[in-house]
Amino acid sequence: MRAAPLTIGLIAISLAFAGCDGGADDASEGADAVAELEIHRPFRGGPGSVNSYWLEGADEILVFDTQRSIALGERVVAAIQETGKPVTAIVISHYDPGHFGGLQAFTEAFPDAELLMTAEVAEQIERDLSGYVERLRESQGDDYQAPPGPSRLIENREELTVSDVPVLVHTLDNTEAESMTLLSIPSQQAVLAVDLVANRMHPDFADADLDRWPLALDRLTRDFSGYTLYPGHGEPGPVSLLAANQKGYLTFVRGLVEREMLADGIASEGEISAAIAAIRSNYPDWESVTGRPAQLRRNLEAIVAQLGGEMEAAVAEEEAEDETVEEDAP
């Protein structure tokens, strides 16, 4: 497959080794120089924008997530190919089409690269209970190929290396997604936290655990104090700030549902509209991570269901069905 020209901005970030007095240029001088990875974030703004990353070492590259479509993946592939370095590994973080939808572009361009994911993520992609793979096939046409199985399974706390620089694997269960893989580069105090955090974008609640997600953010802040966080959506920033902002968002939206929508256990259309307006007012100019116009409504519906409430339309439909049964009864 021929790679399309790169038309999205490409940001390359090199972090100084913790404890060094000088910057990256100073650290590279002398016999005791510490090897570093460049953290590249192919970036495009707007609704539905998603981050994938590639970690560039002295002689190899690791790719972390593959964009949401083959076309977007091809643009990242083109940028990587300009380095002339081989991609030796591709890591898929979780079962979300925004993060593995462009995988085909990478496997075709870099057939020798290992495809790495946890057993849980591999199983979720294979079973496709949410229909994500099928929707990708429908949206991308007959040339789309379902993701292949992994070359090798990875586990929590496993150490990968990119040009001899350690990269640690961290796994989380039941947060924004049922299973999620994070990567950290301890020597550079960097953590790639994928969809545990969406910076200044409305996250997706479709597979979220409202109780355990905030706890995972607390743990992230504790375990990675002083690190730079690279989110699944939006700009990088300090772990403490981005995690706190994400937790604040979750608390605000959940509180809206509990106070304004579920006082009687049933969420009405008027209450949904008012909640969406309140979210947009409190978080102006924020885009949705999925790019779908109805994402905020679907988020609210997911929260209502998880908290044990019901949607007014669903209740009305059930009552209408009950009436029909009674009328038809002999």
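How many residues apart in helix H6 are Glu 134 and Arg 137? I find them 3 residues apart in that helix (residues 132–140), so about one helical turn separates them. Helices here are DSSP runs of H or I with at least four residues, strands are E runs of at least two, and both are numbered from the N terminus.

Ground rules before I go on. This is a predicted model, where local features need pLDDT of at least 70 and side-chain atom pairs count only at pLDDT 80 or more, while totals for chains, interfaces and linings use all residues. Residues are numbered from 1 along each chain as its sequence is written, and side-chain values use heavy atoms, with hydrogens and water left out.

**Entry: the helix H6 pair**

I looked up Glu 134 and Arg 137 as a salt bridge (a side-chain nitrogen of Lys or Arg within 4 Å of a carboxyl oxygen of Asp or Glu). Their closest N and O atoms are 3.5 Å apart. Glu 134 is partly exposed at 37% relative accessible area, and Arg 137 is partly exposed at 33%. My cut-offs for that: buried is under 20% relative accessible area, exposed is over 50%, and partly exposed is in between, with a 1.4 Å probe and protein chains only.

**Entry: other bridges**

I noted 13 salt bridges in the structure. Side chains of opposite charge can pair when their charged atoms come close.

Arg 222 and Asp 223 form one, at 3.7 Å from N to O. Arg 222 is exposed, with 58% relative accessible area, whereas Asp 223 is partly exposed at 39%.

Next I checked Glu 269 and Arg 297, whose side chains meet at 2.9 Å, N to O. This pair links distant parts of the chain, 28 residues apart: Glu 269 sits in helix H9 (residues 269–282) and Arg 297 in helix H10 (residues 295–306). Glu 269 is partly exposed at 35%, and so is Arg 297 at 28%.

I also wrote down a salt-bridge network that links Glu 114, Arg 152 and Glu 158.

**Entry: the glycine**

Is Gly 237 buried or exposed? I get a relative accessible area of 11% for Gly 237, so this residue counts as buried. Gly 237 belongs to strand E14 (residues 237–238). Setting aside neighbours within four places in sequence, I list Tyr 227, Thr 228, Leu 229 and Leu 242 as its contacts (heavy atoms within 4.5 Å). I also looked up Asn 199, which is 38 residues from Gly 237 along the chain, with 8.6 Å between their C-alpha atoms.
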